[in-house]
Amino acid sequence: WRRLLDRGAGPATAALWSSAWLTAPRGRGWACLRLTRPGDRLRLLCGVHATPLELCHALEVEAERAGLSTLSGPLTLRGSAASSRVGVLRGVALSHFYNPAVTLLGGTWRLEHCSIESSRPKHRACAGVVLRGGARLELVDCTISTASSAVQICDAECSLLARGTTFRNVRTAVFAERGGRITVTGCAFETQLGSDVALRLSADTRGAVRGNTASGPRALWGRLLPPAGVEVDTAAGGEVDQLPL
């Protein structure tokens, strides 16, 4: 990698790298990632990658075969708020319990066709995804299951866009404790317990919730009303007849 990543400035080299995929083997650690540049593409070999992984800039990362590359160590994603580049994680399975599976500390990242679940199937893990530092996350056709909260938004500068994602057996699917912006469309919320709720949003949260399905009559909002700054499609699972606490 060290030799290959010394790319030079020639157009032939640039063309090569625009279509190249780097391969991350198991059991070798992640020192090679320090040599990558924003926009590089990384492929994870099949099997379990147990070493904690930190991506310091936007990369395109995908499983060698969808669902057969598993990250069991915590994944940390960083990026620059000034950059328009979007990092991508595609087709990767993540398992966790005591630590969040994914922590975003800035930048813009998109998870596509990923699954996040507890390493102890009968017990709920801690938060699946945590957003801090103004991070922006897009969830596309993902599944997050068996966790205390699927996505936790920790500051008002963070944003979440979730499309076609399934949230299963979580105490709270989206928990915005200090505001932020959310857009949740075409998602499915499958609750297990009467106390489970899909959306637990602070009063200053902004965004829209449209076209979602929930497994129970109060599964979307529980006994809380949606924040005033969140647009709700009442005809598509956005029920608003709950009583405030």
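A residue is called buried when its relative accessible area is under 20%, exposed when that area is over 50%, and partly exposed in between, using a 1.4 Å probe and protein chains only. Keep this in mind as we walk through the structure, which is a predicted model: local features need pLDDT of at least 70, side-chain atom pairs count only at pLDDT 80 or more, and totals for chains, interfaces and linings use all residues. Residues are numbered from 1 along each chain as its sequence is written, and side-chain values use heavy atoms, with hydrogens and water left out.

Let us begin with the whole chain. Its secondary structure comes to one helix and 23 strands, where helices (H or I, at least four residues) and strands (E, at least two) are DSSP runs numbered from the N terminus. Of the 245 residues in the chain, 48% are buried. A contact means heavy atoms within 4.5 Å. Among contacts in the chain with a separation of 6 or more, 46% are between residues 24 or more positions apart.

Now for a look inside. Val-151 is found in strand S15, which covers residues 143–153. Val-151 counts as buried because its relative accessibility is 0%. Leaving aside residues up to four places away in sequence, Val-151 touches several others, including Leu-131, Ile-144, Leu-160 and Phe-167.

Rings of Phe, Tyr and Trp (its six-membered ring) pair if their centres lie within 6.5 Å; planes under 30 degrees apart count as stacked, over 60 as edge-to-face and the rest as tilted. A search of the whole structure finds two such pairs. Phe-97 counts as buried because its relative accessibility is 16%, whereas Tyr-98 is exposed, with a relative accessible area of 63%.

Phe-167 and Phe-189 form a stacked pair, 5.2 Å centre to centre with 10° between the planes. This pair links distant parts of the chain: Phe-167 in strand S17 (residues 166–176) and Phe-189 in strand S19 (residues 188–190) are 22 residues apart. Phe-167 is buried, since its relative accessibility is 1%, and Phe-189 is buried at 3%.

Finally, let us look at charges and rings. A charge sits over a ring if NZ of Lys or CZ of Arg is within 6 Å of the ring centre and within 35 degrees of the ring normal. The charged end of Arg-120 sits over the ring of Phe-97, 4.3 Å from its centre. Arg-43 lies over the face of Trp-21, at 4.4 Å from the ring centre.
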